[in-house]
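Me: I've got a structure open and some quick questions. Can we walk through it together?

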Amino acid sequence: MEKTDKKDHILDIAEKVFSELGYDGASTRLISGEANVNMAMLNYYFGSKEGLFVAVFERKINSFRALLQNIAEDESLSSWGKLEQCIDKYLDRVFENSCFHKLVNRETSLSKHPEINDKISNILMVNILEFKKVMQEGISNGSFFEDADIEMCIVTIFGTKNYIINTPNVTSQMLGNNVRDTDFMQLALKPRLKMYMKRLLKSYLVIEND
């Protein structure tokens, strides 16, 4: 196995273990055992459990950032077209890996490890800023309302997802379906949420020309 492949393999296992057990419940010894690598190799790549934990977030967020940047730089798309694609790609990611997003929400809401939380928050801000740039572009070129509240739009996008993932019992009762069911999430809830989010934000942001 190549060096990069080994590192990615460890990160894959670490993401799974951290998602299942949380930061405090996981250990580097458990992760190294699951990944079938020795502790020396894990420490060589990541230095510590904290380093490994942060690396899991960096890999996930940075790969999505590249996708958002490609959309933002596509000159064939209108500002709304860019935001629409960003919403689609974001919700695709969320529904493909809800366990990771539960981990994000759980760890950033706890105050046990403020230094780690600060690092994670800074990593997450990278993608939030990409959404913000797209909306600022729309305001600058006159396609979005000048007084649009960009920050509250971002809260709407991320907060709606957080509510669904973090309150599965309430959400399941409200929707009349089990949000823990993968088929329901992928086939029914994801397209429903995409349509809702895009209709809501388009009506709020976009200046329709007669």
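Me: Let's start with Ser172. Is Ser172 buried or exposed?
Reply: Ser172 is buried. Its relative accessible area is 13%. Keep in mind that this is a predicted model.

Me: Why does 13% count as buried?
Reply: Because buried means under 20% relative accessible area, and Ser172 has 13%.

Me: Which helix is Ser172 in?
Reply: Ser172 sits in helix H9, which covers residues 168–175.

Me: And what does Ser172 touch?
Reply: Leave out residues up to four places away in sequence, and Ser172 touches Asn177, Asn178 and Val179.

Me: Switching to Leu205. Where is that one?
Reply: Leu205 is in helix H10, residues 182–205.

Me: Buried or exposed, Leu205?
Reply: Leu205 is buried, with a relative accessible area of 0%.

Me: Which residues is Leu205 in contact with?
Reply: Setting aside neighbours within four places in sequence, Leu205 contacts Leu83, Met135, Ser143, Phe144, Phe145, Ala148 and Cys153.

Me: Now the surface. Which residues make a nonpolar patch?
Reply: Tyr163, Val170 and Met174 make one of about 310 Å².

Me: Where does Tyr163 sit?
Reply: Tyr163 is in helix H8, residues 150–166.

Me: Zooming out. How many helices and strands are there?
Reply: The protein has 10 helices and 0 strands. Along the sequence the pattern reads α-α-α-α-α-α-α-α-α-α.

Me: What size of box do the C-alpha atoms fill?
Reply: Roughly 65 × 40 × 35 Å, taken along the principal axes.

Me: What share of the residues is buried?
Reply: Of the 210 residues, 40% count as buried.

Me: Last one, charges. How many positive and negative side chains?
Reply: There are 26 positive and 30 negative side chains. The centres of the two sets lie 5 Å apart.

Note on methods
Residues are numbered from 1 along each chain as its sequence is written. This is a predicted model: local features need pLDDT of at least 70, side-chain atom pairs count only at pLDDT 80 or more; totals for chains, interfaces and linings use all residues. Side-chain values use heavy atoms; hydrogens and water are left out. Patches are made of residues with over 30% relative accessible area and no salt bridge: like charges are joined within 9 Å, nonpolar side chains (Val, Leu, Ile, Met, Phe, Trp, Tyr) within 5 Å. Accessible areas come from the Shrake-Rupley method with a 1.4 Å probe; for residues, only the protein chains shown count as cover. A salt bridge is a side-chain nitrogen of Lys or Arg within 4 Å of a carboxyl oxygen of Asp or Glu. Helices (H or I, at least four residues) and strands (E, at least two) are DSSP runs, numbered from the N terminus. Buried means under 20% relative accessible area, exposed over 50%, partly exposed in between (1.4 Å probe, protein chains only). Lys and Arg count as positive and Asp and Glu as negative; His and the chain ends are not counted. The place of a charge is taken as NZ of Lys, CZ of Arg, CG of Asp or CD of Glu. Contact means heavy atoms within 4.5 Å.
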